[in-house]
Amino acid sequence: MQRRPFLTCATAVACGLLLSTTAHAQTTINVAGLADFAGPYANVMNDMQGGRLAVLDWWNKEFGEKLKVRIAMKTYDTRYDVAQTASLWPGIKAELKPALVLGLGGPDAAALQQRLPEDKVPMLFGTAAYGFGWKPGQWALNIRPTYAHEAAGFLEWFRATKLDGKRPVKVAIITSEATPAYADMAKGLQSYTKAHPDKATFVEAIWTEVQPADLTLQVRRLANAGTDVIVIQTNTAQAVATKRALQALGKNIPIMLSLHNGVAGSSRALGDANGFAGDFEVGAIADASEDDTTARKFYRMLQDKHGLKSSWNAMTMIGLGQSIVAVRAIEAAVKAKGADKVTGEAVHAALLATPFTSAELMGLLPGVDFSVDSPFPTGSAKVNVATMKEGKVVRAAGDVAVPTVPKW
Amino acid sequence: MDPSGIFSTSYARDSALVRTRAQWLALALFGAALLLYPWLASPRLVAVANLMLVTSIVVVGLQITTGYAGQINLGQAAFMGVGAYGASVVEVKFGLPFWVAVPVGGLLAALAGWAFGLTAARIKGFYLALTTIAAQFLFVFVVLNLPSSWLGGVNGFSLEPARLGPLVFDSDRALYHLFLCSTAVMVFGAFGILRSRHGRAFVAVRDDVAAGMMGIDVPGTKARAFVLGAFYAGIGGALWAYQIRFVSVDQFTLFNSIWFIAMMIVGGLGSIVGALIGTVLIRIVQEGITTLGPDLIEFIPALSSDIVFASMNVFLGLVITGFLLLEPKGLMHRWNIFKATYRLWPFPH
C-alpha cells in the first residue's frame, strides 16, 4: 500500500473513531413507562403517553445535550393488570436497567410496591395518591397528594368564598365499593371532616355501582340533608348520573369532580356541552382550562417544537406532570452524582432530597416535595379549582392551600 | 383407549399413570427440563413461568368443578382471593410460617366453596352461574366492609417473603421451585382424585341425569366438586400472595375468572392436562403480545403504541374465539385424536 492512500484511510478511521467516541460520551439513562393500551384506559392512554414523550424530547434537547445525558423511555403495556406488571418487571429490570419507572395506577403499585425497595428503582405516578399507600419509606411516589387532600383544599376554598367562612361546608361523597381506590376516597374525606368539624360536616357517603343507572333517590336524600357540595372523584358515569338526578329533582348542588372525570368530559358524556356549568374540577396539577397559564404556554411550546399531538386535557396533563418531575429528578441526580452514576437509588435520593418549584416544573404542578414519611407532596401541595362557563373550562382559583388531613 | 390387542395384564399396570418406559423417559426429561428452566431462561421468562404455575393450580381446580363435575363456576377468582387473604391473615396476624399459611388459605377457600356448593345442589345452569358471579361481589363487599384490622380493608396486606428454614423465597428463581413443587403436588392430587370414586361420581353427575338413581349422592357430589375446586383456587391464591407480596381485592376480579374459563376451554374441558396446556398457551399469547409490542414500535416508529397494543389485544380475542368456533372441545381433544390415529397407523381412525 502506498503511503498517501494509507494515511488518508488512517485519518478517516481515526476521525470516525473520534466521532464515535464523542457520540458515546453521551450517557443514556433508561426509564420504563408502564402504559395501558389494551385495557380499561386504552382510550385515554395516547394523550398521556404523548405528554410523557414530548417532555422527554424537550428535556433531552434543552438540558440533556448540555449535560451529555439522554433519557430514553421504553413503554410496556401492562393492560392495567397486576399479573401482567408482575411478569413484566423482572424482564424490565434485567434488560432495561431503568433508573425510574413511570407508573400508571393501582395495579402497578400493587405488583411492584414490595419489589421496588429491594430492586432500588423508584416509580412515579401522575394520579393523586391513596391513603392505603401512605406509608413511610416508599419507592412508589405520587406527584399529587391524596384525593382526600385535594377535596379538602377545595372545601376550604368553597367555605371561604361561597359561604363567607360562616359555617362548616356540608359535604357528601358519591363513590363505590368496587375497588379499594374508590372506597379510600370516602374514608379520606371522612378523616378530614372528623379532624376539622369547624370547616366541614360529613353528610353521607353514597355507595353505588361503578356505572350507576339512576341516583335520584340517593341525591334527593342528600338534598334534603342540606348538602352544600357533592364530591365525585371516581368516574364520569357517576358524575353524569348525579347530574341527571339533580336535574330531575330541580336542585342545584355544586359537584366537585377530579381531573380525570372533569367538567368537560362529563359534559360531553351528559350530551350537553355546558352541562356541568357551575360545577368544579379540582386537582393538585394544572387544569386544562382555557386560561393562558404557564402550563398552557409550555404545552403550546411542546406542540410547536417537540411534536406533541395530545389534546389539551387532564390525561395529557397527568403525562406531562409525571414526566416533568421525572426529568427534573434525573437532572438533580445527574448533578449530584454525575451522569454515569445515575441509578435508581440516586434518582430516589434526588426525589426525596430536592424540593421542585412550580417554575422548574413549568407551571404543571404547584411544587413537589417528597419526604420519607409520605409518598406524595404535602408541604408544597396546592390545588387548582376550575369550573365551566359557557361550555369552556375556566380557572376559578389557583394555588389553593391544602390543609392537613390525618392518616386514615 | 388402547387399540385392539393391547391390554393390561395386572391391576397395577392398568391403574398406572405412566405406563411405558418411553413415557417414563419422556416424563423424566420433562421434569429435568422444568427443574433446570430457571438457569436456562431469562428473568422475565422465569417470572412468566411463575405466573403460569400459580394460575395452573387455579385452573385445575376450575377443571374439577366445571370440566369434570359440570358445575359452572364464574367465581374462581373470588375463591383465589379468599385463599390469598386467608394466607395473608395467617401470616400477618398470627405470624405463622408460609407452609401453614398456604394450606390454611386453601382450606378457607374450600369453606367458601362449600357454601356455594350447597347452592349448586339446589340450582343449576344459568342460575348457578349468577350465584357464582355473586361470589365475586360478595368477596369484595366482605373484605372492604369488615373492620380493616381484620382483613386490611382498602389497605390490603403486605407480606414478607416465604421462608422455609434457611431458605428464603425472595427471588423469581427461588419462587419458581416452590411453585413447581406445589403445582406438581396439586396436579398429582387432581389425577388421584379424578381416578377415585369421587372423580367417577363427578363425571356421572355431569354426564347423566340418572346419576342419583345409580346411588350417587348428587347434592353431596356437587358440593364436593365446589369444595375441591375452591381449595385449588385457594392454594393458588395463597401462592400468588407470596409471589406479589401484596394482596388487595382488585387483584381477584370477575375478569380474571373469565380468563380462567378461557384457559380451560382452550385446553379442553374434562382434562387436567388440558387445563395445564390452556393456561400455558393463553399466558404465552398474552406475554407474547406484551413483549412484541414495544419492539414493533421501536422497529416501525410509524406504528404508534395505541395501534400496536390494541391490535394485539384483538388478536388475543381472535385466538379464543377461534378455539370456541373451530375446536370447542379444546386442544386435548385434538391431541387425543392424533394419539389414537398414531397408535392405529397405518389403519384409518
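Chain A has 13 helices and 14 strands. Both are DSSP runs, numbered from the N terminus: helices are H or I with at least four residues, strands are E with at least two. This is a predicted model, where local features need pLDDT of at least 70, side-chain atom pairs count only at pLDDT 80 or more, and totals for chains, interfaces and linings use all residues. Residues are numbered from 1 along each chain as its sequence is written, and chains are lettered from A and ligands numbered from 1 in the order in which they are written.

Overall dimensions next. A compact globule of 408 residues would have a radius of gyration near 22 Å; chain A has 23 Å, which agrees. That radius is taken over C-alpha atoms, and the globule rule is 2.2 Å times the number of residues to the power 0.38. Along the principal axes, the C-alpha atoms of chain A fill a box of roughly 100 × 45 × 35 Å.

Now the domains. Domain 1 of chain A covers 28-145 + 291-377, and domain 2 covers 147-283 + 384-401. These bounds come from an automatic or database domain assignment. Over C-alpha atoms, the two domain centres in chain A are 28 Å apart. How many residues of domain 1 of chain A are in contact with domain 2? There are 11, and they meet 16 residues of domain 2. Contact means that the C-beta atoms, placed from the backbone, lie within 7 Å. The domain 1 side divides into 7 nonpolar, 2 polar and 2 charged residues. Nonpolar here is Ala, Val, Leu, Ile, Met, Phe, Trp, Tyr, Cys and Pro; charged is Asp, Glu, Lys and Arg; the others, Gly among them, are polar.

On to a sheet in chain A. An open sheet of 5 strands runs E2-E1-E3-E4-E5, with parallel pairing. Pairing requires at least two DSSP bridges between two strands. Which strands sit at the edges? Strand E2 (69-77) and strand E5 (140-142) of chain A, each pairing on one side only. From one strand to the next, the twist averages 25 degrees. Helix H3 (residues 82-96) of chain A packs on this sheet, touching strand E1 (27-35) and E2, and its direction makes about 170 degrees with that of E1(A). Axes are lines fitted to C-alpha atoms, for helices over the stretch in contact, and angles run from 0 to 180 degrees between N-to-C directions.

Last, the chain interface. Here 33 residues of chain B are in contact with 34 residues of chain A. The chain B side divides into 16 nonpolar, 11 polar and 6 charged residues.

Conventions: Two residues are in contact if their C-beta atoms, placed from the backbone, lie within 7 Å.
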